Amino acid sequence: MAHWLYKSEPFKWSWDMQVKAGAKGTHWDGVRNHLAKQQLLAMKTGDRGFFYHSNEGKEIVGIVEVIKEAYPDPSDPTGKFVMVDIKAVKPLKTPVTLAAVKAEPRLSEMALMRFSRLSVQPVTDEEWDIVCGMGGV
């Protein structure tokens with residue numbers, strides 16, 4: 001299983017909204033970056049990811065799961081980009097702030113530190129375990 005991080009601005013789509021979507025989940029659309037597109041194409045059903053509130057909060061707040069692999073994003077008029085469907089799995093007991101990630105030396109190479117503007121990012125197994133520990137899950 002691979003791990004990912006999904007960034008969302010809470011005023012557009014928040015963790016609470018993701019939870020309310022229930023088992024049917026929701027599509028993760030609107031990605032218009034070719035590197036992020038490659039991440040979406042690599043995702044497999046059952047992969048888990050962190051749900052990150054960007055701009056407001058700047059914290060990892062929950063865990064989501066891929067429930068449908070990449071398919072064409074109908075909001076893209078060029079037909080080049082894809083989306084996946086995800087569902088909420090569980091919240092972190094303690095949100096992990098960007099400041100806390102920056103303060104943890106073992107996370108210094110995390111994509112969140114190196115590619116701050118990338119909306120969909122890979123997370124290594126080691127990073128996953130560290131952040132889960134920090135978040136109490």
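Ground rules. I number residues from 1 along each chain as its sequence is written, and I leave hydrogens and water out, with side-chain values using heavy atoms. As the model is predicted, local features need pLDDT of at least 70 and side-chain atom pairs count only at pLDDT 80 or more, while totals for chains, interfaces and linings use all residues.

Entry, β3 and β4. I looked up the pairing of strand β3 (residues 48-53) with strand β4 (residues 59-72) and found six bridges, the strands running antiparallel. Strands here are DSSP runs of E with at least two residues, numbered from the N terminus; two strands pair if DSSP finds at least two bridges between them. Opposite Gly 49 I find Val 64 in β4.

Entry, the turn. I note that β3 and β4 form a hairpin, with five residues between them. I checked two residues of the loop between these strands, Asn 55 and Lys 58. Asn 55 has a positive phi, near 65°, and is not a glycine. Lys 58 is not a glycine either, and I read its phi as positive, about 50°. I then looked up the exposure of Lys 58: it counts as partly exposed because its relative accessibility is 40%. The class lies between buried (under 20% relative accessible area) and exposed (over 50%), with a 1.4 Å probe and protein chains only.

Entry, β4 and β5. I followed β4 to strand β5 (residues 82-97), where the two pair in the antiparallel sense over 10 bridges. For Pro 72 I record Val 82 in β5 as the bridge partner.

Terms used: Helix = DSSP H or I, 4+ residues; strand = E, 2+ residues; numbered from the N terminus.
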